[in-house]
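Here is a short briefing on one protein structure. Please look over the sequence and the model first.

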Amino acid sequence: MKVKINNFNWKIGGAAGYGILSAGEIFAYSCLRAGLETFAYLEYPSLIKGGHNTYQVWVREDNVQSHSSQIDLLVALDQKTIQDNFSEIIPGGGLIYDLDDRFLENFSCPKKDINCFGIPLQSLAEKAEGQKIMSNVVATAASLALVKMPFDIMVEFIKRALVKKGPIVVEQNIKAAHAGYNYTKEKFVNKFDYELKPRSIKEKRMLINGNEAIALGALKAGMKFYAAYPMTPATSILHYLANQEKNYNLVVKQTEDEIAAINMVIGAGYAGVRSMTATSGGGFALMAEGLGLAGMTETPCVIAVVQRPGPATGLPTWTEQGDLRFVIHAGQGDFPRVVLAPGDPEECFYITFEAFNIAELYQLPVIILTDKYLAEARQTLPFFSQKNLKIDRGVYGKILDNLSEGRLPRYFDANNGVSPRFNPGIPGGVFLANSDEHEVTGLADESTAIRQAMMNKRMRKLQSLKKDIKEPIIVYGSKKADITLVGWGSTKGPILEAIKVLATKKLSVNFVQIKLLEPFPVKDVDNALRQAKHRILIENNFSGQLGGLIREKTGIDITDRLLKYDGRPINPEEIIEHLNTF
């Protein structure tokens, strides 16, 4: 077999508590330091303690945008990893297993076309003055030795991953890793037909996930107040921002529940402070009434909804795109909101920045809709550009003389639906914000004329704001393609990876990514899909919610569908298989 250079899919699995996350990140960041592109994806069960974890890293020279179902090297720290994931190893690939595991000491490789490398992981860790638990770094170092990656590259990231455990633990792990690297290099030299060659890259790059990108976008947008109740998979946004309080002069509040979180965010927005919260579907259900309050009082706020499978508690640590319809229709009555769906961490950053501007320009709630896969999977990206990012706080009114009873016309019936804002507390700035229907100064009013005028005013915002939404859809590939794939959110990466492979099979395929879900970009979607020769809908939900929305808004019915709803993200191979009939 010809040596496969700089295209490598690695996966490690083991019991929770055995450092699977640390091992995965050390491997991923080592590859980043070596100038290679990576995509890292982790899976873990919905348990407080115990269970089985995996961490997968795809490494290439070109931009890699998703995980894969095909593994080149599987690292098994326990028997369950072999039971669950051995079938994913491709012919010519390899398996590292622990000879010290009592269930694996007599293991024999079940397939002749798979290279099995038995390594005494726990013994090597202990001989290096470490502990058995350090078998994770031994296995990671062994993996790097098999692909001939220089050992020194991983040392920096062992220090970074374990710095909080103190210098003694760090040094023990480095010694254990060195033992694993040397053992593998000596015993299995040239026994594996894969190689990762470091490259020199001048451009600064990072390995970042969607939640971190959302947090960075909010900081760049000038957010000063964040309130949230912890809910997987949105919690890491709260953790990230809490660590940045002093650096960015933030107030970060962990509330007693999601009801408190949305109401605090609305209060901050009312006071003129850029504010945000994040949750998942169950938490957003509690926020629904508060969402309507923001709509009625025309208070800007940003809400990130990071989806997981429902209903009820569902699958708390897995992924799905089942909340699209819920988010668009949440809250009683009609009121304007904007729903944006980024497809990768880069879009998470820029869309979050844009969300704050839209929220204040049009004085309404803006929802950023992602999912667990996008939230937690890490992707190599260049540093985000900040050149064209300008904060726009919207229209602020001037204090006027001779006001009726001293009240400002907060809800003045503007042509575009956007009334001037006033910050409370300024001299002469008295106004009312009423959750009941109200006239222009905020006084409650139940007359038919006022109700109709205020409803029309609020809903006019949706027509006005469409011109400020950048790229509501993006079309990748030729507009004259034979096959058009349609998707949103985190399906972007797997679709684009599949298209790369399909191009080698001479299939003409393009991809329509819809980023603006509410207000729906009817003309853009209709123009992109009306002339398509064959359309295929790709979604991570049972009912094809985007497909239903497209049919409702445009009359186009996409009958060919690839829908996945088992809690796992769609992978490129599933898309390729679906298209094999063409």
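A359 is buried, with a relative accessible area of 2%; buried means under 20% relative accessible area, exposed over 50%, and partly exposed in between (1.4 Å probe, protein chains only). This is a predicted model, in which local features need pLDDT of at least 70, side-chain atom pairs count only at pLDDT 80 or more, and totals for chains, interfaces and linings use all residues. Residues are numbered from 1 along each chain as its sequence is written, and side-chain values use heavy atoms, with hydrogens and water left out.

**A359 and its surroundings**

- A359 sits in helix α13 (residues 345-362). Helices (H or I, at least four residues) and strands (E, at least two) are DSSP runs, numbered from the N terminus.
- Leaving aside neighbours within four places in sequence, A359 is in contact with P300, C301, V302, L364 and V366. Contact means heavy atoms within 4.5 Å.
- V59 is 300 residues from A359 along the chain, and their C-alpha atoms are separated by 38 Å.

**Nonpolar cores and F27**

- In soluble globular proteins, nonpolar side chains tend to be buried together.
- The largest nonpolar core has 58 residues. A nonpolar core is a set of buried Ala, Val, Leu, Ile, Met, Phe, Trp, Tyr and Cys residues joined through side-chain atoms within 4.5 Å.
- F8, F27, M149 and L196 have the most contacts inside this largest core.
- A second, separate core of 46 residues includes L219, L250, I351 and L465.
- F27 belongs to helix α1. F27 counts as buried because its relative accessibility is 0%.
- Not counting residues up to four places away in sequence, F27 touches F8, W10, V57, V59, T140, S143, L144 and L196.
- The C-alpha atoms of F27 and I158 are separated by 9.5 Å, although the two are 131 residues apart along the chain.

**Helix packing**

- Two packed helices are described by the angle between their axes and the distance between the axes.
- Helix α1 (residues 20-33) and helix α5 (residues 152-162) cross at roughly 135 degrees, and their axes come within 9 Å. Axes are lines fitted to C-alpha atoms, for helices over the stretch in contact, and angles run from 0 to 180 degrees between N-to-C directions.
- That angle makes α1 oblique to α5. Angles under 35 degrees count as roughly parallel, over 145 as roughly antiparallel, 65 to 115 as roughly perpendicular and the rest as oblique.
- α1 passes α5 in a right-handed crossing. A crossing is left-handed if the near helix is turned anticlockwise from the far one by less than a right angle, and right-handed if clockwise.
- On the α1 side, I26, Y29, S30 and R33 meet I153, M154, E156, F157, I158, R160 and A161 in α5.
- Helix α4 (residues 135-146) packs with α6 at an angle of about 40 degrees, and their axes are 7 Å apart.
- α4 and α6 are therefore oblique to each other. Their crossing is right-handed.
- From α4, V137, V138, A141, A142, L144, A145 and L146 meet N173, A176, A177, G180, Y181, T184 and K185 in α6.

**Q56, a buried polar side chain**

- Q56 lies in strand β4 (residues 52-60). Q56 is buried because its relative accessible area is 5%.
- A polar atom of the Q56 side chain lies 2.6 Å from the backbone oxygen of S68.
- Beyond neighbours within four places in sequence, Q56 has contacts that include N9, W10, K11, F39, H67 and S68.

**Backbone features**

- The peptide bond from T232 to P233 is cis, with omega near 5 degrees. P233 is in the loop between β10 (225-228) and α8 (235-242).
- The peptide bond from E518 to P519 is also cis, with omega near -5 degrees. P519 is in the loop between β20 (516-518) and α17 (522-530).
- N190 is not a glycine, yet has a positive phi of about 60 degrees. N190 lies in the loop between α6 (167-187) and β8 (194-195), and is exposed, with a relative accessible area of 60%.
- E298, not a glycine either, has a positive phi of about 55 degrees. E298 lies in the loop between α11 (281-297) and β13 (301-307), and is buried, with a relative accessible area of 1%.
- G555 follows α18 and has a positive phi, near 85 degrees.
- Helix α18 (residues 545-554) has the buried residues Q545, L546, G547, L549, I550 and T554.

Terms used:
Polar contact = N/O pair within 3.5 Å; in protein donor to acceptor, adjacent residues only side chain to side chain.
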